[in-house]
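Me: I would like to learn how to read a few features of a protein model with some care. Could you take me through them one at a time, giving the general idea before the particular case?

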Amino acid sequence: MTTVSSELSHEQLQQAARDHLWLHFTRMGGYRDGEVPIIVRGDGCYLEDSNGKRYLDALAGLFAVQIGYSYGDEVGEAAAAQMRELPFYTNWSYAHPRAIELAAEVAKLAPGDLNRVFFCSGGSEAVEAAWKLSRQYYSARGERRAKIAHVPTDPVRVDYDAEQAAQYQGERRWKAVSRHVAYHGTTMGALSINGIPALRTPFEPLVPDVLHVRNTNRYHRPAEETEQDFTRFLLDDLRQTIEAAGPDTVCMVIMEPVQNAGGAFTPPEGYWRGVRELCDEYEILLCADEVITGFGRLGAWFGSERYDIRPDLVTCAKGLSSAYAAIGAVIATDKVMEPFLEGERMYTHGITFGGHPVQAAIALKNLEIMRREKIVEHVHEQQDTVRAKLEQLLDLPIVGDVRGTGFFYAIELVKDKETRESFSDEECERLLRGFLTPRMFEAGLICRADDRGDPVIQISPPLIAGDAEWDELVGILGTVLEEASQRI
């Protein structure tokens with residue numbers, strides 16, 4: 001690993017950080033008198049701070065560093081070679097070899113006929129691009145659709161104004177449907193799609209119109225409810241939401257294969273098949289947001305493949321380059337691309353750095369490393385062992401649920417294990433931010449304690465993690481959560 005030294009001392013870095021650097025999603029007042037954590041190097045699954053302390057990164061940066069931190073030399077050589085050949089050119093009306101090669105590689109890895117790749121700079125931009133593309137797709141088709149709102153004959157089921165919705169007809173569709181508590185980014189369009197009120201409220205009014213449906217959180221559902229019942233409940237909710245909105249106004253349903261915010265919500269049996277059928281019935285584009293789940297996180301190249309989602313669009317970023325470069329993409333099916341191949345029609349959207357040649361070269365090298373090292377296969381082979389290790393934590397009184405798949409998990413914390421009672425907002429503040437976050441960091445573990453739903457610990461290490469890293473992770477978590485239980 002190559003080490004790059006800073007020209008500033010530790011004390012100078014601290015002062016400059018406090019004076020000039022604005023951290024993301026961070027209470028900056030907390031560093032007025034305290035030290036800013038400054039990470040200076042990484043190797044494998046580990047990071048080191050400016051004081052020389054090492055940490056196990058159990059969050060892969062932000063669900064992103066699939067190959068870990070030890071490939072900087074190899075990836076850097078690919079970046080330097082591209083810098084010498086062509087440091088930059090745009091994809092606005094032009095192409096260059098690395099963007100072409102990367103688009104072909106991504107299309108090869110994506111399931112089905114997801115064959116067209118539109119590059120951007122990250123996940124939020126990818127979600128923005130997918131919504132804009134979905135909006136424009138219908139007008140690009142240039143056709144008048146039939147009225148497809150369903151007006152039920154059973155008066156018991158009429159809890160929305162379906163008759164009025166049925167009157168809406170036209171070429172344009174603009175509404176999106178996502179799930180409660182789901183996180184899809186922070187730019188204004190992506191933020192509008194978010195299902196997290198605490199993130200949305202400070203910036204309202206947002207981009208119209210987004211509707212939110214139930215997510216796949218099973219833990220707090222009635223104990224007697226079967227998985228089939230739960231699937232039917234979720235799909236009925238989705239259908240009623242679409243019909244209440246007016247099906248002819250909805251352009252996109254966007255969901256993660258496994259929802260991150262709220263804590264690694266996996267889908268029940270038959271859920272994705274039903275979502276796909278509803279989107280087909282109402283002629284709505286289905287977008288799988290794979291910014292986190294893409295490129296091996298779930299033990300397959302894409303979560304859409306694992307769950308047979310068959311989306312019309314996929315958004316991706318993070319693992320595309322293992323976060324060694326800022327790059328994202330929307331992957332579209334041939335069907336979505338088809339109307340834009342006619343005459344003067346175009347998708348009127350662009351990003352200066354979308355498909356940047358150096359970013360593309362880095363992403364190509366990342367995918368080469370992932371294939372060579374069989375990283376996706378490693379996740380698939382180890383996922384049952386990983387689950388068994390994490391489920392040891394269920395013996396702790398504060399741990400209510402362990403859920404997830406692949407190398408993507410959440411541990412839900414509860415006040416009462418028998419009743420599944422959660423913590424109040426004040427208790428979450430003390431537990432998560434007052435104790436767990438600093439205590440895990442002190443113990444040499446970086447992961448996220450989050451309460452954008454029920455309180456959870458989110459676990460998502462680099463995909464190269466082996467038995468030693470998982471044992472260390474579970475050991476530290478076990479100790480810290482036992483301390484938390486005693487405090488409660």
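Me: Which residues lie nearest the centre of the second largest pocket, and how many line it?

Reply: Rolling a probe the size of a water molecule over the atoms shows where empty space is left. A pocket here is an open set of points, on a 1 Å grid over the protein atoms alone, where a 1.4 Å probe fits, with protein on both sides within 12 Å along at least five of seven lines, and lining residues have an atom within 4 Å of a point. In this predicted model, 28 residues line the second largest pocket, and Asn91, Val117, Phe118, Met337 and Tyr347 lie nearest its centre. Two or more lining residues come from each of H4, strand E4 (114-120), strand E10 (328-333) and helix H12 (334-337), with E4 giving the most, five residues. Helices (H or I, at least four residues) and strands (E, at least two) are DSSP runs, numbered from the N terminus.

Me: What is the volume of the second largest pocket?

Reply: The volume is about 850 Å³, taken as the space filled by probe spheres set on grid points that are joined across faces, edges and corners.

Me: Which residues of strand E2 are buried on each side?

Reply: In a regular strand the side chains alternate between the two faces of the sheet. In E2 (residues 46-49), Tyr46 and Glu48 on one side and Leu47 and Asp49 on the other are all buried, where buried means under 20% relative accessible area, exposed over 50% and partly exposed in between (1.4 Å probe, protein chains only). Strand E1 (residues 39-43) runs antiparallel to E2 and is joined to E2 by four bridges, with glycine 42 and leucine 47 as bridge partners; two strands count as paired if DSSP finds at least two bridges.

Me: Where in the chain are the two partners of the salt bridge between glutamate 74 and lysine 365?

Reply: Side chains of opposite charge can pair when their charged atoms come close. The criterion is a side-chain nitrogen of Lys or Arg within 4 Å of a carboxyl oxygen of Asp or Glu, and glutamate 74 and lysine 365 meet at 3.8 Å, N to O. Glutamate 74 is in helix H3 and lysine 365 in helix H13 (residues 357-372), 291 residues apart. Glutamate 74 counts as partly exposed at 23% relative accessibility, whereas lysine 365 is buried at 17%.

Me: Which conventions should I keep in mind?

Reply: Residues are numbered from 1 along each chain as its sequence is written, and side-chain values use heavy atoms, leaving out hydrogens and water. As the model is predicted, local features need pLDDT of at least 70 and side-chain atom pairs count only at pLDDT 80 or more, while totals for chains, interfaces and linings use all residues.
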